[in-house]
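Please look at the sequence and the structure before reading on.

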Amino acid sequence: MKNRILLSLLVLGVAPAAFASDGCCPKSCSSSSDCNTSCSSSTDCNTDECCGCPCAGKTYLSMRPLYTSQRAELIAGFRNDRMVAAAESCFNGAVEIVGFGGRTTKPSQLASYFLPQCKRTLEARGIITDANDKNTDLDVQNFNIFTVDRDFASTLTFKAQQSVGGVGFHYKQGFAFNDDHSTWWYGELSTSVQHVHNRMTLCETVTNSGGGADLERAPNAVANMTEAFRQDAWCFGKIDDCKNMTKTALADIEAKLGIEWMYNDTCKIGSYAGLIIPTGNKAKAIYVFEPIVGNGKHWGLMWGNDTMFEFWNNCDETLHAYFALATNAQYLFRNHQVRSFDLKNKPWSRYQETYLSFDQAQEANVLCNRSTTNATSGPLLATPGINIFTQEVKVTPGYSFNITTALVVRRDCGFEGELGFNFFARQAECVKLANSWCISPALKAANGCGDVNPIRDITGNHLLEEGGTLDFSQDNYNYSILTASDLDLGSAATPRILSYTIHGALGYRFDDMRFPIHASLGGSYEFGQRDFAVADRWTIFGKVGMAF
């Protein structure tokens, strides 16, 4: 019977991994249901080239928090058996303090999540006149770069990295035991104080400065893309190497009520339900890749189980091997946040020049018809798109599931070691406007003066610039007004993810004491498969605890 149960649990552990391998790559490059990305139309969607870019151009990434249910730093060496480790005590409780820290790897790949079409570098240009030019990603006019020679060129390289350090607290308390301690109820509380440090760096190589910023024509102009991403005119979407993007706060509190409904020397099975109490922070969208502690201040429900079976011991029963299986499912509810978004089929259009209203377009047209120009001359007058395409939204993270399997080896002398694997799956966020779209912006044409261009994009494409420009008039402006249906709110949502974590830990238990103590050290590595929305990272942890 024990072998059958063990085999069933092994199947449960392997099945999600098989599902993960099958579901990591979108069936179609243009499928918005997968992750609202767009791969090259000439790319075969069955090749690695397309599948290597499943999600890109996003404005927000929800990182999976450390020290949460079924992560190695929380459960390794501290399972439900610690509640009854103090056999001579009547308190039936256990507590643990954990120090942990980790850092993401592959900074260029992580940055690609935020860039159009998973690119590692972007080309920025001033004047684009060649209809066959395929090397330009960004028209610098959208970024308030106006130079003396009316020309500019640079190459941008981005990197992103997150470092996390913290101290966790974990408490378990058993109660309502039956006579032989084979069944009981328990409560569980865990949380941590975390310091999150995010870095989004921009390295720019300027190949043509254009003679520098033309401050006579545009006193507020910037000289390059590095300055553009820091400019005061932008309220959101900034990238600034000099900004210390850190957040230290109490992470979410997890409170659980469970039942250990089978407990003996060879079989331990428990189940629980719980509540996620938000205590961290949520998105403000001022900077790209902002630090978030916790799950973005979402309330949530969770449920799961913890199971352990002994499947081998040596002849004198001093060495024991166990198979451990822990599952956790949770649902995070909706809250309001501030996020940036693009227009449909226009990557990075959040940064395009716009007219906020017809009144602004009309003002630009009037200025163009004057005999002299000034700081707000018609060709230059516009509103940064990032200030318009950043709004309060309703975010629903929804459902996630993770399962941890581990091989645990214990000696009667107190040594304990384990090697495990975690699979994590999370559905895509649902993002909706929190308020009605009651503004009437339109995309400014390159020449300004109140002219609009509804098909213009961030690249300054020669054909789009000339073929889509509409002369100033009330009718042309009304035709070009951007409505709520033009917004790609999926660009503000973290897509569905599948991630994998391997972990190992070594520890020692001093169970011959009246109040047994334990200590252990361990580490883990999390990674995704062809998914830039999963930040590969390593984590180390050290823990000490006591049963009482």
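## Contacts of Ser-62

Ser-62 touches Arg-426, Glu-429 and Thr-494, not counting residues up to four places away in sequence. Contact means heavy atoms within 4.5 Å. Ser-62 is located in the loop between α2 (48–51) and α3 (72–75). Helices (H or I, at least four residues) and strands (E, at least two) are DSSP runs, numbered from the N terminus. The relative accessible area of Ser-62 is 15%, so Ser-62 is buried. Buried means under 20% relative accessible area, exposed means over 50%, and partly exposed lies in between (1.4 Å probe, protein chains only). Ser-62 and Ala-533 are 471 residues apart along the chain, and their C-alpha atoms are separated by 8.4 Å.

This is a predicted model, in which local features need pLDDT of at least 70 and side-chain atom pairs count only at pLDDT 80 or more, while totals for chains, interfaces and linings use all residues. Residues are numbered from 1 along each chain as its sequence is written, and side-chain values use heavy atoms, with hydrogens and water left out.

## Contacts of Val-196

Val-196 belongs to strand β5 (residues 184–208). Its relative accessibility is 2%, so Val-196 counts as buried. Leaving aside neighbours within four places in sequence, Val-196 is in contact with Gln-162, Ser-163, Val-164, Met-245, Thr-246, Lys-247, Pro-291, Ile-292 and Val-293. From Val-196 to Ala-249 the distance in space is 8.7 Å, C-alpha to C-alpha, and the two are 53 residues apart in sequence.

## Salt bridges

How many salt bridges does a search of the whole structure find? The search finds 23. A salt bridge is a side-chain nitrogen of Lys or Arg within 4 Å of a carboxyl oxygen of Asp or Glu. One of them joins the side chains of Asp-536 and Lys-106 (3.0 Å, N to O). Asp-536 lies in the loop between β22 and β23 (537–547) and Lys-106 in the loop between β1 (93–104) and α4 (107–112), so this pair ties together parts that are 430 residues apart in sequence. Asp-536 is buried, with a relative accessible area of 4%, whereas Lys-106 is partly exposed at 44%.

A salt bridge also forms between the side chains of Asp-214 and Arg-150 (3.1 Å, N to O). Asp-214 is in the loop between β5 and α5 (225–228) and Arg-150 is in the loop between β3 (138–139) and β4 (153–175), so the pair ties together parts that are 64 residues apart in sequence. Asp-214 is buried at 12% relative accessible area, while Arg-150 is partly exposed at 41%. In the salt bridge of Asp-342 and Arg-350 (2.8 Å, N to O), Asp-342 is buried at 3% relative accessibility and Arg-350 is buried at 4%. Salt bridges also link Arg-64, Arg-71, Glu-73, Glu-526 and Arg-537 in a network.

## Aromatic rings

The whole structure contains 27 aromatic pairs. Rings of Phe, Tyr and Trp (its six-membered ring) pair if their centres lie within 6.5 Å; planes under 30 degrees apart count as stacked, over 60 as edge-to-face and the rest as tilted. The ring centres of Phe-423 and Tyr-500 are 6.1 Å apart and the planes are at 45°, so this pair is tilted. Phe-423 lies in strand β17 (residues 415–426) and Tyr-500 in strand β21 (residues 497–510), so the pair ties together parts that are 77 residues apart in sequence. Phe-423 and Tyr-500 are both buried. Tyr-508 and Phe-510 also form a tilted pair, because their ring centres are 4.9 Å apart and their planes are at 50°.

Phe-143, Phe-158, Phe-229, Trp-234, Trp-348 and Tyr-351 are linked into a cluster by ring pairs.

## A nonpolar patch

Which residues form a nonpolar patch on the surface? They are Phe-91, Phe-415, Leu-506, Tyr-508, Phe-510, Met-513, Phe-515, Ile-517 and Met-546, with about 770 Å² of accessible area together. Patches are made of residues with over 30% relative accessible area and no salt bridge; like charges are joined within 9 Å, and nonpolar side chains (Val, Leu, Ile, Met, Phe, Trp, Tyr) within 5 Å. Accessible areas come from the Shrake-Rupley method with a 1.4 Å probe, and for residues only the protein chains shown count as cover.

Strand β21 gives the most to the nonpolar patch, with three residues. Tyr-508 is partly exposed at 33% relative accessible area, and Phe-510 is partly exposed at 35%. Phe-515 is found in the loop between β21 and β22 (517–528), and is partly exposed at 32%.
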